[in-house]
Amino acid sequence: MATRATLLTMLMLCSAEGLQLSLAPQRRMLTTMSAEGVSRRAILGSASTIALAGAVAVGPALADDEVASAPAAPPAAPPAESSAEGSAEPPAAPAEAPEPLPKVYVKVVGEETAVSRTKMGGLLEPYNDVGKGWRINKPSGWNQFDTLPGVYEMKWEDLVATNREVLLVTTTPVKSTTTSVDMLGDVTEVGRKLGKGKKELLSAKAVEKEGILFYMWEFKTEDGHQLLQLCVNKGKLWSVDASAPDKRWSKVSELYTNSLLSFMPTLKSSAN
């Protein structure tokens, strides 16, 4: 193709008319051939350009197709801890606490004890509450305080040791199903609960007087002693509480004991 171009240039530089005339046919032929060569060159060039353009165009397209059609890369694996959490089974619901066993009632047979009737040479004297139906031998000569609702049924206080030597009778309503003090539990366990860490339980015993069961305790308080007696009768929990300071306990402990043993939540004695 380069030779044909050089020849065409040379023909165009010739100025002789004859030569031009004589060479007219050849020039026409060469021109035609040159044109054809140019056309072919153009065609070939165009084809090459198209092919190259197609290759360039197709190349990225194919690459894009390959990228588009390629499977997506798997997501990065989560940290081991998260993976374990994701794959672990959900924690089982906490087991329900077993229901407490029903409390078994164990009837307590108290020590048979006679109701005290001693007056200790005049240190004790009988007291009967006719309206509420109970009786006790109270300390003679002590100050007496009548009912204070919600606090006590009756209160006696020593004239000498005011607010230090006290005897109280109180009542608390109970359910109709509570018919005996032993339904509160074992006498020792009940005594410990009553102490609640504030009082030391020294003794605990169950006694039975005229068919009624009583719980009796002795406690050591911070600065004294306490005797406490409980029983259930007529839909009430009856309490007799006697206390005194340490320095007086030796003098009044027997008096308190006999007073508590004389108490009955009834007026009529079964011994009569």
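1. Rings of Phe, Tyr and Trp (for Trp, its six-membered ring) count as a pair if their centres lie within 6.5 Å; planes under 30 degrees apart are stacked, over 60 edge-to-face, and the rest tilted. On that basis, a search of the whole structure finds seven aromatic pairs.

2. This is a predicted model: local features need pLDDT of at least 70, side-chain atom pairs count only at pLDDT 80 or more, and totals for chains, interfaces and linings use all residues. Residues are numbered from 1 along each chain as its sequence is written, and side-chain values use heavy atoms, with hydrogens and water left out.

3. Take Trp134 and Phe263. Their pair is tilted, at 6.0 Å centre to centre and 45 degrees between the planes. Trp134 is in strand 3 (residues 134–139), and Phe263 is in the segment after helix 6 (246–262).

4. Trp238 lies in strand 10 (residues 236–245), and the pair ties together parts 25 residues apart in sequence.

5. Burial next. Trp134 is buried (under 20% relative accessible area; exposed is over 50%, partly exposed in between; 1.4 Å probe, protein chains only). Trp238 is buried at 2% relative accessibility, and Phe263 at 1%.

6. One aromatic cluster is formed by Tyr127, Trp134, Trp156, Trp238 and Phe263.

Technical notes:
Helix = DSSP H or I, 4+ residues; strand = E, 2+ residues; numbered from the N terminus.
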